[in-house]
Amino acid sequence: MDNRLKEINLRLSEYSIGNFDRNLKISSMLDEVDAISSGINMLGEELKAITISRNYFNSIFNSVSDMVFILNPKGIIIDSNKSAKVITRYDGDSLIGKKINELINDVPPFFSNMVNQLKKNSSYTKNEGKIYSKRGEVIPVKIGVSSFTNEKKDKLFLLTASDITFKKN
């Protein structure tokens, strides 16, 4: 077996565990194996860039002091940042799958009102409200909601909530 094929196999195995630091050598033959090697090198560079971008985004997402929730069109939480978990006192991923209306107990339902405001006014809307922690503590908040689409073109909502307890007191 061509040693270059062994090296391709090794490099792909390394890429599968997130190690994108080494490239395949291109020989002077410039044959089909070299063409494949070149393509794999480009793939490694792209994966490295995506990983850095994702890590950069996650770092920002989780270092924001405001609560941030990503919601699907039904108002179900599909992601939240670290502040949302800490402030609401929910562990790990226990917020995922909850309806935002379970945290924001307004009548009529908060989420449908915000979506209606977005449809009427703009791509962003703000309100004041209250978020209830897992323990039932009331947290007065300023809430902002905007809509966006992900890479699959699914419509999602970004909800940010700033604790305004100090301001209210």
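Visitor: Which residue in E2 is the bridge partner of Ile 70?
Guide: That's Asp 79. Keep in mind that this is a predicted model.

Visitor: And in what sense do E1 and E2 pair?
Guide: Antiparallel, over 3 bridges, with E1 spanning residues 67–71 and E2 residues 77–80.

Visitor: What about the hairpin, how many residues sit between the strands?
Guide: There are 5 residues between E1 and E2, and Gly 75 in that hairpin takes a positive phi near 80°.

Visitor: Switching to H5: which of its residues are buried?
Guide: In H5, residues 110–120, the buried ones are Phe 110, Phe 111, Met 114, Val 115 and Leu 118. They cover an arc of only 130° around the axis, so they lie on the same side of the helix.

Visitor: Then what does the face turned away from the buried side carry?
Guide: Two exposed residues of H5 are there, Lys 119 and Lys 120.

Visitor: New topic. Where does Ser 133 lie?
Guide: In the loop between strand E3 (124–132) and strand E4 (138–149).

Visitor: Is Ser 133 buried or exposed?
Guide: Buried: the relative accessible area of Ser 133 is 4%, and the cut-off for buried is under 20%.

Visitor: What does Ser 133 touch, leaving out residues up to four places away in sequence?
Guide: Ser 133 touches Ile 87, Thr 88, Tyr 90 and Ile 139.

Visitor: Which side chain does the Ser 133 side chain join in a polar contact?
Guide: The side chain of Glu 137, with a polar contact of 2.8 Å.

Notes: Residues are numbered from 1 along each chain as its sequence is written. This is a predicted model: local features need pLDDT of at least 70, side-chain atom pairs count only at pLDDT 80 or more; totals for chains, interfaces and linings use all residues. Side-chain values use heavy atoms; hydrogens and water are left out. Two strands pair if DSSP finds at least two bridges between them. Helices (H or I, at least four residues) and strands (E, at least two) are DSSP runs, numbered from the N terminus. Buried means under 20% relative accessible area, exposed over 50%, partly exposed in between (1.4 Å probe, protein chains only). The arc is that of the directions from the helix axis to the C-beta atoms. A polar contact is a pair of N or O atoms within 3.5 Å; within protein, one must be able to donate a hydrogen and the other to accept it, and residues adjacent in sequence count only if both atoms are side-chain atoms. Contact means heavy atoms within 4.5 Å.
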